[in-house]
Amino acid sequence: MLRAIIKNKKLLTGLIIILFMIIIAIFSNYIAPYGYDQYNVAPRLTTPNIKNIFGVDHVGRDEFSRVLFGSRVTLIVAICVALGCLILGTFLGVLAGYYNNSLLDNIIMRITDIAFSIPWILTGLVMALILKPGIESVSIALIIVYSPQMARVVRSATLGVKDLDYITAAKIYGENDFSILFRYVIPNCIGPIIVQTMLIMSYSILGEAALSFLGYGVRPPIPSWGTLLQDAAKYIWSSPFLVIFPGIAIVVGVLGFNYLGDGLRDLLDPKYRRIFMR
Amino acid sequence: MIKFILKRLILAIITLFGVSIIVFYIIHMLPGDPVTVIFGKNPDPVSMALIRAQYYLDKPVYVQYFYWLRDIVHLDFGKSFLSKIPVKEIVFERIGRTFLLAFLSMILSSVIAIPIGIITANKRNSNFDFGISSLTLFMLSIPEFWTGLILIMIFSVFLKVLPSGGYVFPNEDLIGFFKHLILPVLSISIMQTAIIIRMVRTTMIDILQQDYVKLATANGIQKKRILYLHAFRNALIPVITVIGLTLGYALGGEVVVENVFYYPGLGLLLFNSISNRDYPIIQATILIFAFLFIIVNLIVDVVYAFINPKIRYQ
């Protein structure tokens, strides 16, 4: 297993990036030279220098520290969304797949159709208005957006598994449906589920950043890469350097999970293909 | 075949119906009373009650829904709470602009992506293939709005060659009109190009393993001829499907990009209406987005089934 991971370059790159990000998120109050809401560390909009390597924002906060602290929000949202989709999506998908062509399957599939046909950003905006904008509203919105994807992936994986001999054997043996689903069906769909979870984490970083950028995600003073960019956009004419670093952070984070997902797919199930839409 | 089309049509209608119910109820769960927004700081109870009655806001929510649905079927989206202009006029003025943006980026990314996808499929597992696959993964990781900001930084702030946003009417200044389109189109295209490259590649790899390609190779037909004449023609249908679907996706991603560039399309309209709690506009916009998506899906499915009988008889 370990050798397979080291041989798989994509997986290894992804793992390193994500571990790096997790370490930064956990220890950001030790690594960061300043606090995320520490004002006037230098004159406002100072360009990058040795003391403030990413520069200083419009109210005199150290951009480097804020980017480091921003990884926390990103990871928290990504983990919440992934867990939510894992539970909700797997549950719906396995039911729809196992009771294929039943009324239940039809209802679940229509719900996913509806969720698919509303652009994800609209769900996020509307959810931010129903709840108070913040980590919760973003997470819930993204769970609603990405669970249907998970449900479809799990459904098709279940369809491939449910008529295999060991399931039939379990049925003849008199096991109830519930235990068959949890003991035999879900464990055998675990490959696609894990891959999809990684992809959902990468999408949720993008989603959180976009919503925060629009002002309907994480609210100040909590730093998120999206809100950093929202502030930076206002000063793009005088201080364009502010736009660069939070964006790079987003790209690196998303890339990490994308590599992880791609690598795991090669490792776990070469036949499984990426669902192309976010 | 007719049975299949009917089935898909009914499914599409159910989906649209579901979307309309959800949109309607969600909009009404939003905090903030639109009537108070209209009247501002000194509300007059009598005219407020009048307005409420005019928009059926005094009736139960499900009654409001049926009134609203009746109007929607007649393409009457009501009047904007804020500007009092019929929503239909506001929306239809902008729908073309949004479509133009989506359409141009679709064309641009297809023109770039299709040849690259074919070459990577043909030279599978080569260094070129590996490079492109890493590049597309990278392109998929860049949020569109950041691409937009970086493009503004390069072309507007530093080089000062392109406008950083806004819109010019084509009948006033045609060159300025196109100049305003370049950066938004580019920022949407990057992610779309990556998606199409990946799709073309997987489809072409599938097709290149088919028996008829082997037969053509065994018959000694030129490799280029097989690739572009035999294989690509068969790949075209799934590829067009994907391109059609990315159009729906691009429409969603545009909401953010239109905001970055202050491009007065449907996305910016929606964003402004949400902050103003202009319910009729929010409803109309989301419904239009969903309607376009469902219609594109429906057409794609039917065309697909028309060409590939396997799907029809499932």
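**View 1. Polar contacts between chain A and chain B.** In this predicted model, 3 residue pairs, both at pLDDT 80 or more, are in polar contact between chain A and chain B. A polar contact is a pair of N or O atoms within 3.5 Å; within protein, one must be able to donate a hydrogen and the other to accept it, and residues adjacent in sequence count only if both atoms are side-chain atoms. On chain A, the side that touches chain B draws at least two residues from each of helices H5 (103–117), H6 (120–130), H10 (190–214), H11 (225–234) and H12 (241–268). H12(A) gives the largest share, 11 residues. Helices here are DSSP runs (H or I, at least four residues), numbered from the N terminus.

**View 2. The salt bridge between the chains.** The count between chain A and chain B is 1 salt bridge, a side-chain nitrogen of Lys or Arg within 4 Å of a carboxyl oxygen of Asp or Glu. Asp262(A) and Arg198(B) form a salt bridge through their side chains, at 3.3 Å from N to O.

View 3. Asp113(A) lies in helix H5 of chain A. Its relative accessible area is 18%, so Asp113(A) is buried (under 20%, 1.4 Å probe, protein chains only). The side chains of Asp113(A) and Arg110(A) make a polar contact at 3.1 Å. Leaving aside residues up to four places away in sequence, Asp113(A) touches Arg152(A) and Thr15(B), with contact meaning heavy atoms within 4.5 Å.

**Notes.** Residues are numbered from 1 along each chain as its sequence is written, and chains are lettered from A in the order in which they are written. Local features need pLDDT of at least 70 and side-chain atom pairs pLDDT 80 or more, while totals for chains, interfaces and linings use all residues; side-chain values use heavy atoms, without hydrogens and water.

Terms used
Buried < 20%, exposed > 50% of the residue type's maximum accessible area, 1.4 Å probe, protein only.
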